[in-house]
Protein chains: 2
Amino acid sequence: MATKSLASWAVNLQPSSLPTSVKQAALRSLYNYIGCAIGGSDHPTVTKAYNALSPFFGKETSSLLGHKGSKKADAQHAALLNGIASHVHDYDDTHLATIIHPTGPVASALLAYGEYKGGFSGEDILCALTAGIEASCKIGLAVWPEHYDIGWHITSSTGSVGAAVAVGKLMHLSEEQMAQAIGVAAVQVVGLREMFGSDTKSFHPGRAAQSGLLAALLAEQGYTSSEKALEAKRGWANVVAGGGTPKLDQFVGELGKKWEIEANAFKPFPCGIVCHPAIDGCIQLHQEIQRKGLKFDDIKDVQAVVHPLVIELTSKRTPKDGLEGKFSVFHGGAVGLLYGKAGPAQYGDTVVTDSSVIAVRDKIDAQPDKNLKADETYLTINFEDGSKLEKRIDHAVGSLEVPMTDEQLTAKFVDQAGLVLGEADAKSASDAAWRVGESKNVAEVMRTL
Amino acid sequence: MATKSLASWAVNLQPSSLPTSVKQAALRSLYNYIGCAIGGSDHPTVTKAYNALSPFFGKETSSLLGHKGSKKADAQHAALLNGIASHVHDYDDTHLATIIHPTGPVASALLAYGEYKGGFSGEDILCALTAGIEASCKIGLAVWPEHYDIGWHITSSTGSVGAAVAVGKLMHLSEEQMAQAIGVAAVQVVGLREMFGSDTKSFHPGRAAQSGLLAALLAEQGYTSSEKALEAKRGWANVVAGGGTPKLDQFVGELGKKWEIEANAFKPFPCGIVCHPAIDGCIQLHQEIQRKGLKFDDIKDVQAVVHPLVIELTSKRTPKDGLEGKFSVFHGGAVGLLYGKAGPAQYGDTVVTDSSVIAVRDKIDAQPDKNLKADETYLTINFEDGSKLEKRIDHAVGSLEVPMTDEQLTAKFVDQAGLVLGEADAKSASDAAWRVGESKNVAEVMRTL
């Protein structure tokens, strides 16, 4: 019944019935997404994909974010390219219970279709976004953690269903059509963790967006799949469960009771979330070193005690470029210590290969401790003279306990969008993005971004 | 090393080094594919997809087979739509060792790209097709049977890699680029068996074709993935192995030594291959009944002893339409007995619901016997007067032991294409398709199909 239950819930969700906190979470998710998609829009990964695919563009109805409204594509390609851009800096949002980055696949499909079709209000968009994000996260929870452990990139492997639900909602699909759309999306399982560190990682959410959009388009024409697509013996959950026992009924049964979008966090640093506590701690230590007038050159070594996933996912000792730097807690810690900042600029290729950064990086050691929570860390700096500084992070900035404030989200948006648009246009874009919820026609807003 | 080995082998494969038997198998595979794609082109499943997607078509460079050259799409959509058409009657080819229908995903991508780019000879196309089919089947063998057992539609879950290899070969990708293309294809895992019996089943090879084409296009622009995409701990094979132990090295190591395309069989009947022995037997019994002047009305019951997969996959007792009829060994047996034929016309909706067909269908019983081979069956007809007829099928027509002859393939092509194009044009198309191998520019041939 999970497929039909999800379809029924999504079709019947009304903007007016969303709790204020959910609407707020949806707006923050969309806002953060837009900043990330603009910030990533001129990344070489996106450029390569654009060059490969622009010869195939259909009628150019949908904006590619970040090009001051000057670049468009057909809705399917816009979904793909904006999806890639939104994830390429590893700077997007995170549903912490599953490590899903939910907005990329869902919003990329939604905004591309919404602009193509036109006439949707900000309320429509935020409601559809919420439906899609709840869909992705609930089915993700149902197969977590074995699904991720075996090697699926859970953002995209759940994202096509989320995108289909969101677009299907904008289309006003019937419950039956929505179930068929979920089915067509469920057969397009995208994303392997083996690709982390390559261009293909950010292809994942883009392709999931495109797959979900395609599924909704087909279902709208009466294309059939299965009304048990998620729960059947040889349906999505059992096939991708990685040996675990899917808990679809449990989590789908919580739709509308427990809102996953409220548990969506925003990254303060453009890299894998697992190393955020260490970076946060290093930034705080940077401030302490400056306050106390200590010298970075006098650092003998830095000892970090971290959650084992930090080692598993981000232990590149000698990253060669910005992309590899994202998978190095050592680089993240080094720029945090040296610059007190770890934004997109600090993950530039030239920073990763800078000798002063490398000098600090090589002094950092990290040891796993399975008793730590994922957002917890202990740092010790030993100085040459035998003195030390210690820092304990119970919850990293950007966690649910220490969420990014709207002001911090704005600073993040303007910082990254400014690198692409210039600061003045980035600020205008930020203002427009905060006001999306009030818009009568989001297509018009999209054209200004 | 499997990914790099496959890439290297494919890049270095030369038309001149293909054994004659391989070239012949490639031509027969392509010929059969073209007939199936034409035959399926006006199916409602294809029409729904066309209607959903034509608003997004880019520059219309690539023919949609079966419309007398009058309908085109951009290469990506042509790959998708021709792929759907080629599989929609369940009438395509089968690599019997894996039940992969290999040509659909590979040829759909290849021909769409080939026509878009232009200038490729028949030899180029057949060589690239061979590379793609070998790729799909070898990686399929590596994860067979657990991959299929758990619920993946192995045709499409391996097909995106096959399609990427084939298109990549036409593009003259370097070995490194080919490995990257394989990686981008490998993250797009399409197709669940739960969809059998719905429109989405034939979406699978279409989407695999499109995914493989997309992967090659990205790799051509330098898009990176992983050179261990297939064999890494969290790469394709381990993630989709369904609990089995992948044997990539073994099967990839046999590339060019054992040719899977030579083990590609062609379906004499447009339905799941597992029920072909029973249909073959029923057709032979039809001829015997006619020869002996017996009456169909006098049949009391028909007992079939079949391989267990026949029961698992094709035991719909009361199919409601042509599509469900394909999953009913009882319907297939009934039309075989009554008409001595089981072509696309015998799987029309009106035939499946015809009362005289239903009367025979309801007399047929099938019992599994796990000691039978997959293409073996024993049939007994009991007549009202106590007499009986028996038929033992050791190998069904269309098996490797009793392959379809070129004449039978031609009859199949003209029969199904004739329903779409009319008989005269179907014969012209058949002639053109048999000559594809000699063509200097396949794009010109495509425009005539």
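Student: At what angle do helix α2 (residues 20–40) of chain A and helix α6 (residues 122–143) of chain A pack?

Tutor: This is a predicted model, in which local features need pLDDT of at least 70 and side-chain atom pairs pLDDT 80 or more, while totals for chains, interfaces and linings use all residues. Residues are numbered from 1 along each chain as written, chains are lettered from A and ligands numbered from 1 in written order, and side-chain values use heavy atoms, without hydrogens and water. Helices are DSSP runs (H or I, at least four residues) numbered from the N terminus, and axes are lines fitted to C-alpha atoms over the stretch in contact, with angles from 0 to 180 degrees between N-to-C directions. The axes of α2(A) and α6(A) lie 9 Å apart, and the angle is about 90°.

Student: How are α2(A) and α6(A) oriented to each other, roughly parallel or roughly perpendicular?

Tutor: Angles of 65 to 115 degrees count as roughly perpendicular. α2(A) and α6(A) are therefore roughly perpendicular.

Student: How many residues of the contact of α2(A) with α6(A) are nonpolar?

Tutor: Contact means heavy atoms within 4.5 Å; the residues include A:Leu27 of α2(A) and A:Leu129 of α6(A). No charged and two polar residues take part, and the nonpolar ones number eight.

Student: Which residue forms a salt bridge with A:Glu312?

Tutor: A salt bridge is a side-chain nitrogen of Lys or Arg within 4 Å of a carboxyl oxygen of Asp or Glu. The closest N and O atoms are 3.4 Å apart, and the partner of A:Glu312 is A:Arg193.

Definitions and conventions. Helix = DSSP H or I, 4+ residues; strand = E, 2+ residues; numbered from the N terminus. Parallel < 35°, antiparallel > 145°, perpendicular 65-115°, else oblique. Nonpolar A, V, L, I, M, F, W, Y, C, P; charged D, E, K, R; others polar.
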